[in-house]
Amino acid sequence: MTHSTALDLPRFSTIKIDQIEGAIRALLDENRTRLDALLNAGANTWEDLVVPLEEMQHKLSRTWSPIGHMNGVVNSDELRSAYNACLPLLTAWHTDLAQNERLYRAYESILQREGSKLSAGQRKLLENALRDFRLAGVALPAASKDRFKALMEQLATLQSKFDENVLDATNAWSKHIANEAELSGVPAPIIERARAAAESRQMEGWFFTLDAPNYQAIMMHADSEALRREFYTAWVTRASDQGLQPERWDNSQLMSQILALRSELAALVGFRSYAEFSLATKMASSVDEVREFLEQLAAKARPVAQREFDELEHFAKRSLNAWDVSYFAERMKRDRFDLSEEELRPYFPLDRVLAGMFQVAERLYGVRIALREGVDVYHSDACFYDILNPDGSQRGGFFVDLYSREKKRGGAWMDECVGRKRLGDSAALPVAYLVCNFMPPSGKQPSLLTHSEVVTMFHEFGHGLHHMLTRVDYPSIAGINGVAWDAVELPSQFMENFAWRPEVLPLISGHVATGAPLPEQELQRLLGTRTFQAGMQTVRQLEFALFDFRVHSEGPQDSTAIMGILEDVRSRVAVISPPAFNRFAHSFQHIFSGGYAAGYYSYKWAEVLAADAFSAFEEEGIFNDKVSRRFLNSILEQGGSRDAMEAFVEFRGRKPQIEPLLKQLGLAA
Ligand SMILES: [Zn+2]
């Protein structure tokens with residue numbers, strides 16, 4: 001019975017930072033010994049070799065996960081150095097494994113001998129593994145293998161340094177304001193928070209750090225152009241030659257080194273570029289296909305974006321600088337829809353949003369979500385929820401950690417805490433982390449979200465559901481594991497659509513003081529804002545995606561050439577010319593230190609999939625059981641156990657089409 005499977009949650013409070021490195025070393029040694037013993041004993045069947053390997057990987061992942069998570073959300077100098085000490089060890093283990101020729105041969109023979117008896121999922125696992133072996137250069141001569149390994153280790157270290165520079169440069173900046181007049185236009189909760197920050201530092205006035213809520217609020221609302229320019233300058237020069245302490249935090253050299261190493265790595269295993277290497281594991285089939293896809297979207301979006309920008313300058317009655325765009329866009333939006341993102345915050349108290357969002361998942365997928373008290377967490381901001389099957393049995397669970405704070409990485413993400421497995425007698429249910437950086441509660445005021453933050457919450461929850469609702473038993477293809485990179489954002493972007501639906505908004509909104517739902521008029525206005533400046537937003541995403549794809553397909557570059565590519569991309573797709581000091585690329589963590597290298601396009605790619613998938617719900621009713629169960633069965637539960645295109649076609653009855661996205665964004669002709 002599934003009832004007997006309890007969640008095996010990390011015991012955060014027992015993690016001793018000074019024992020992390022030792023524990024990881026011991027576990028890796030144990031894995032190595034076990035693997036050697038298996039191979040020496042000639043293990044070459046699914047049961048004797050693949051299952052123990054899956055166990056090992058599962059254990060390592062669940063041991064490392066809370067450490068990696070805490071490094072991201074409750075960072076400290078000690079934790080950071082323990083974390084950094086482990087990175088090369090883990091990379092070495094994964095590279096050793098991926099380059100283990102005996103293991104490769106054994107997997108190959110298992111597929112050949114047992115292939116016909118295995119399930120489609122099991123075969124997919126072996127095929128993925130064999131592909132990854134080849135990508136890791138398993139057939140390379142010894143010297144090249146060593147070089148490959150060295151490159152992987154160097155990359156891990158450089159990418160981590162890139163991240164640290166961004167975090168440190170961000171944390172080092174602050175702005176103290178003594179005169180309240182300078183804060184004209186800034187929303188009260190942001191001012192209140194800055195006031196509290198000043199008080200906690202025994203200062204008069206208002207103290208601003210450079211976190212995302214502060215930055216966005218200033219850019220959108222501060223009447224003072226000087227203040228906007230100052231924040232903008234700080235934000236877009238982080239970790240660059242134009243920013244604070246460039247001698248310590250300038251990422252220029254790192255960017256160019258990272259690209260050079262990636263390029264060398266790709267060449268070693270027979271690809272013409274890192275972009276080509278990256279596509280080997282994706283749904284998109286070639287470099288040309290991706291560039292054409294992006295350029296096709298740009299051709300549709302740019303004329304619309306240009307028209308929107310002209311309208312904005314006309315509205316502002318002057319030509320606009322980069323630091324003016326959000327501010328006037330917000331005013332124009334308010335003028336047009338009589339609606340401000342900030343004014344809607346009281347309608348979206350975090351608890352209400354979560355409760356409504358959980359109801360949506362419950363109605364769609366027949367699960368139940370319940371808060372569990374008394375769980376061991378690493379910070380008082382974090383809490384835990386169970387996901388239960390209709391019969392009350394456990395399906396999975398997740399931690400949420402949603403407030404912005406010091407020592408916490410910015411942005412929002414979902415990560416695996418425990419992966420699902422059922423391997424013989426040993427089973428584990430999936431557990432996720434959902435992390436955001438919303439404005440924390442202040443005094444008696446709970447955390448209040450803007451609607452775009454609500455959308456972010458739905459997005460991460462969509463990833464979480466993909467991880468937690470999986471029915472796949474093998475860790476390396478369960479949940480988000482083994483899913484083609486450019487399809488991995490399908491469940492998340494799909495989920496965003498619900499945050500815009502008139503059937504859902506009453507479930508997720510309720511005025512913080514009165515509980516009143518979002519009034520009909522406000523609701524209609526909010527819906528009207530969805531396509532507002534969608535052209536400008538689209539070309540911005542395309543700018544990032546094309547920049548990413550080009551730096552990874554055009555060979556190694558020095559930092560000047562990298563900036564040159566960015567400028568060239570902008571001249572082709574952008575409608576806003578940023579100032580010469582803009583160093584956006586220097587803090588572009590997605591592609592330089594995150595997992596999106598030559599993969600940023602996948603956001604748009606997956607948007608096409610998501611909009612097309614959601615259009616099936618629009619056609620048949622968004623809470624239509626048949627459609628939602630088909631989505632659950634064909635996509636969410638399948639994880640990486642089957643080809644992404646095949647799963648999509650099974651759900652939708654045909655291949656994906658671009659038109660639903662163009663229609664959703666108001667870009668259709
Ligand atoms: Zn995502």
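## Briefing: zinc site, cavity, pocket and selected residues

Alanine 239 lies in the loop between helix H9 (225–236) and helix H10 (246–249). Helices here are DSSP runs of H or I, at least four residues long, and strands are runs of E, at least two long, numbered from the N terminus. The model is predicted, so local features need pLDDT of at least 70 and side-chain atom pairs count only at pLDDT 80 or more, while totals for chains, interfaces and linings use all residues. Residues are numbered from 1 along each chain as its sequence is written, and side-chain values use heavy atoms, with hydrogens and water left out.

**Positive phi**

- Alanine 239 has a phi near 55°, a positive value in a residue other than glycine.
- Alanine 239 counts as buried because its relative accessibility is 1%; buried means under 20% relative accessible area, exposed means over 50%, and partly exposed lies in between (1.4 Å probe, protein chains only).
- Lysine 317 also has a positive phi, near 60°, and is likewise a residue other than glycine.
- Lysine 317 sits in the loop between helix H13 (287–316) and helix H14 (322–337).
- With a relative accessible area of 75%, lysine 317 is exposed.

**Domains**

- The protein chain splits into domain 1 (2–161) and domain 2 (174–238), with bounds taken from an automatic or database domain assignment.
- The C-alpha centres of domain 1 and domain 2 are 44 Å apart.

**Zinc site**

- His459 (NE2), His463 (NE2), Glu489 (OE) and Glu489 (OE) coordinate the zinc ion at 2.1 to 2.6 Å.
- Donors are N, O and S atoms within 2.8 Å of the metal (3.2 Å for Na, K and Ca); water is not among the atoms, so sites may look incomplete.
- Along the chain, the donors of the zinc ion follow the spacing H-x3-H-x25-E.
- Histidine 463 and glutamate 489 link distant parts of the chain, 26 residues apart.
- Histidine 463 belongs to helix H16 (residues 451–468), and glutamate 489 to the loop between H16 and helix H17 (490–496).
- Histidine 463 and glutamate 489 are both buried.
- The arrangement is irregular because the 4 donor atoms around the zinc ion subtend angles of 54 to 140°.
- Four donors are tetrahedral if all angles lie between 85 and 135 degrees; four are square planar and six octahedral if opposite donors are over 155 degrees apart and all others between 65 and 115; anything else is irregular.

**Cavity**

- The count comes to 1 cavity of 30 Å³ or more.
- The largest cavity has a volume of about 50 Å³.
- A cavity is a set of points on a 1 Å grid over the protein atoms alone where a 1.4 Å probe fits but cannot get out; a pocket is an open set with protein on both sides within 12 Å along at least five of seven lines; lining residues have an atom within 4 Å of a point.
- Grid points are joined across faces, edges and corners, and a volume is the space filled by probe spheres set on the points.
- The lining of the largest cavity includes Leu259, Ser263, Ser273 and Tyr274.
- Val551, His552, Ser553, Glu554, Gly555 and Pro556 also line the largest cavity.
- By class, the lining of the largest cavity has 4 nonpolar, 5 polar and 1 charged (Ala, Val, Leu, Ile, Met, Phe, Trp, Tyr, Cys and Pro are nonpolar, Asp, Glu, Lys and Arg charged, the others, Gly among them, polar).

**Second largest pocket**

- The second largest pocket holds about 340 Å³ of space.
- Of its 14 lining residues, Arg11, Thr14, Ile15, Thr63 and Pro66 are the closest to the centre of the second largest pocket.
- Helix H1 (17–40) and helix H2 (46–73) each supply at least two residues of this lining.
- H2 gives the most to the lining of the second largest pocket, with 4 residues.
- The lining of the second largest pocket has 7 nonpolar, 3 polar and 4 charged residues.

**Selected helix residues**

- Glutamate 313 is in helix H13.
- Glutamate 313 is partly exposed, with a relative accessible area of 22%.
- Glutamate 313 and phenylalanine 328 are 15 residues apart along the chain, with C-alpha atoms separated by 8.4 Å.
- Lysine 124 is in helix H5 (residues 120–135).
- Lysine 124 is buried, with a relative accessible area of 16%.
- Lysine 124 and proline 52 are 72 residues apart along the chain, and their C-alpha atoms are separated by 17 Å.
- Tyrosine 232 is in helix H9.
- At 6% relative accessibility, tyrosine 232 is buried.
- Tyrosine 232 and tyrosine 215 are 7.7 Å apart in space, C-alpha to C-alpha, and 17 residues apart in sequence.
- Serine 452 lies in helix H16.
- Serine 452 is partly exposed, at 39% relative accessibility.
- The C-alpha atoms of serine 452 and alanine 499 are separated by 9.2 Å, with the two residues 47 apart along the chain.
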